[in-house]
Amino acid sequence: MMLKRFFYKRLYKNFYELNWDISPQLPIEEACFVVFDTETTGLDLRKDEPIAVGALKIKALRIDLSDAYYTLIKTVKEPGQSLKVHGIMPTDLEKAKEPTEVCKEFISYSKNCLFVGYFLHIDMAMIKKLVKRECGGFFAPYGVDILDMIENKDSLPTLEELLTQLRLPKSNFHHPLEDAYMTALAFLKLLKAKNYRRLKDLPYRVY
């Protein structure tokens, strides 16, 4: 995990403009987490683009709803079949922000926090692509996928199924901010159930 970051620190001069370290010994209740979700033009991680991102911060083990981040992202690639999932229309994207602006905002918003998500590698792949293209650097952040906190991995539940298992409320799925909120609820409940003490106890890794 550390070797990957060591390599990129030497390769990219602006590494610490876009990345940050975390303290493994930091108590969970003192840590900052950014729970985020994206919507995209499709499911091809190589060809498709992010068109919306929503994020929430968890501080002192509480979701800070007053500090939410949500934006649409301009793209030249129109949503294909994914439009049926998230309902973001090309006309909606006419009011979207430029990708470079979103990249800078998202990095600034997330600075010094540990990322959290559900099937995090998908959303992280989209953000890494955005950062590389628009901010001119490599993004190798630390993150926790809630899937790695689930004991039974033989049958991975959808977010809706997980919320049902955890007896948590559901909202509108496939809206990035709503999905981030539901993921944050699941994360907090799993934190409590497993009694994690410090960041080093979490199954985090470099993405």
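Six strands make up an open sheet with mixed pairing, in the order β3-β2-β1-β4-β5-β6. Here two strands pair if DSSP finds at least two bridges between them, and helices (H or I, at least four residues) and strands (E, at least two) are DSSP runs numbered from the N terminus. The edge strands, β3 (62-72) and β6 (205-206), each pair on one side only.

This is a predicted model: local features need pLDDT of at least 70 and side-chain atom pairs pLDDT 80 or more, while totals for chains, interfaces and linings use all residues. Residues are numbered from 1 along each chain as its sequence is written, and side-chain values use heavy atoms, leaving out hydrogens and water.

Within the sheet, β1 (residues 32-40) and β4 (residues 114-117) run parallel, paired over three bridges. Phe-33 stands opposite Leu-114 in β4.

Two helices pack on this sheet, as the table shows. Contact means heavy atoms within 4.5 Å; axes are lines fitted to C-alpha atoms, for helices over the stretch in contact, with angles from 0 to 180 degrees between N-to-C directions.

| α5 (residues 99-110) | β1, β2 (50-59), β3, β4 | about 170 degrees with β3 |

Now to the interior. A nonpolar core is a set of buried Ala, Val, Leu, Ile, Met, Phe, Trp, Tyr and Cys residues joined through side-chain atoms within 4.5 Å, where buried means under 20% relative accessible area (1.4 Å probe, protein chains only). The largest such core has 62 residues, and Phe-33, Leu-114 and Phe-187 are among those with the most contacts inside it. Helix α8 (residues 176-194) gives the largest share, eight residues.

Terms used. Buried < 20%, exposed > 50% of the residue type's maximum accessible area, 1.4 Å probe, protein only.
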